[in-house]
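Okay, thanks for coming, everyone. Let me put the structure up and then talk through a few bits of it.

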Amino acid sequence: DRDRAAAFLALGNIAQFCSTEYRSFLEPTTRAIRDALIQRAKMRIPPAEADETVTAVLQTIATLATAMGPALTRYVRDILDLMFTAGLSQALCDSLLVLEREVSQLQPAIQGRLLDMVSIILVGVPFRPSQQSLDDLEQRMGTMSMHYATAQNGHRSGAAANGNTANGASSRDAYAGSVSDSTSLVVRAANNIHVTNDTLVLALRTLRIFDFSEENLSEFVRNEILRYLTNSSAAVRKEAIHAVSHIVMADPLYRSMAGAGVEVASEVVQRLVSAAVIDVDRDVRLMAVQMLKKGICFDFHMGKAQNIQDLFLLLNDEVFEVRLTVLAVIGRLANMNPAHVMPSLRRMVVQLLTELEFARSNRESEECIQLLMVLVRAAENWVRPYVGDIFSTILPRIDDAPAQLASKLLDTVAALARVGGSDLVPYSDELLASIIHALSDTSNATKRMSALQALNNCASFCGLVIDPYIEYPDLFKILTDILKSQPDSKMQLEVMRTIGALGAIDPHR
């Protein structure tokens, strides 16, 4: 088997480097691939079981597609179904992704077979394409699709969604037994897959990595995929969150504020918020809030009072990354529903400033500063009344803070300068002294970069131009020394921006 696998990989490499000359060998190569896949199917090896030869064959198909492009179309059509007989695997997904990209004519056939296989793994029945008239009737009746309803009683979907993949085998076997001999190889192979948590994760990941936007997956997502958010396996829950979020964000149907996709998008958001609040696994909670942060199209639904109230609960999460991410979401929602966001947000600002003032360690101070900075950037217009209070709290701490904390403080100064503008002018003398002190510190490049960005923003948004050169004659020399001594191109570029923002002194003055 190892020699056979190596031979297939060698054929792919030859085709890749001799694409034109290899065209005459395409037919015998695909015949050999077909024979290998048929032989594996006849051996009745369980689908998705590790097989070095099949993995090599799938990789070779991908290499041939890259080398030959559309010329491979008529040869691949004959082996496409056979590719699925090995079951759903990462090797199959990688190969099909390449085929979709290089041989676009096969995309409908590939996606149809994939959806059938994924649906059988997750639900127990093949995927049912959207049927508008039937869907509308079921929606008016307030019922779910009868196609998927067969999966509800004793079916593997219910068992798998509760973390018990073994108890649903009977219903799947019943479905498989009703299938005629003419059923496609894909459906039969999928029905023979032994479903484990790893299989469920791969099936959910397949929904995410392939572009199924041509298909209406509303019924599938709402009635089947969302149930996996309560699976006993954290890996399955995490992948389910990623999959449903990707499907909703990728399809314009769900971005509108009216129409067929609103109900599905609203339910997805509600389930994501619930998962972020109540899930016991920190990685799952973090994935949920990251998807909410990424999905700007969710804001219309997240702006509901109940969702906002639940999101504020996450500000007490034990994981700092969760608090940081959800605060960015809440700050963004201030523009969507300020009446429900701003009262709690004001309390949050006061609480953070109090915690910063009485922080007992540098780590606590850094976390407070990072939360403040995220809040300032996410809700610029709504935070402006509090810029003076925030600034007067952090400014006295810059000079004596350790390098890492000082860098965070200066980053916050840069964000406040952008928001507050002229509100920072009364603090300019003390602020410039702290910035120049940080620029003079050659021991930490990160701190100097933060000081440069703070000075640039103060010049650009607060009107602090020319005067810094007059009040601090060494400033220009400090900037040019950084420009000469620092090999980092990003810092050199920031120095040039800062010099440009500060302006030039009148030589006749």
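This is a predicted model: local features need pLDDT of at least 70, side-chain atom pairs count only at pLDDT 80 or more; totals for chains, interfaces and linings use all residues.

Residues are numbered from 1 along each chain as its sequence is written, and side-chain values use heavy atoms, with hydrogens and water left out.

So, α26, residues 428-439; helices here are DSSP runs of H or I, at least four residues, numbered from the N terminus. Its buried residues (under 20% relative accessible area, 1.4 Å probe, protein chains only) include L431, L432, I435, I436 and L439. What do the buried residues of α26 pack against? That would be α24, α25, α27, α28 and α29, with contact meaning heavy atoms within 4.5 Å.

Next, α29 and α30. Their axes, lines fitted to C-alpha atoms over the stretch in contact, come within 9 Å and cross at roughly 155°. Angles run from 0 to 180 degrees between N-to-C directions, and over 145 counts as roughly antiparallel, so that's what this pair is. On the α29 side, the contact is made by L475, F476, L479, I482 and L483; α30 brings M491, Q492, V495, M496, I499 and L502.

Last one: Q486, in the loop between α29 and α30. Buried or exposed? Q486 counts as buried, because its relative accessibility is 16%. Leaving out residues up to four places away in sequence, Q486 touches R448, M491 and Q492.

Definitions and conventions. Helices (H or I, at least four residues) and strands (E, at least two) are DSSP runs, numbered from the N terminus. Buried means under 20% relative accessible area, exposed over 50%, partly exposed in between (1.4 Å probe, protein chains only). The expected span of a helix is 1.5 Å times one less than its number of residues. Angles under 35 degrees count as roughly parallel, over 145 as roughly antiparallel, 65 to 115 as roughly perpendicular and the rest as oblique.
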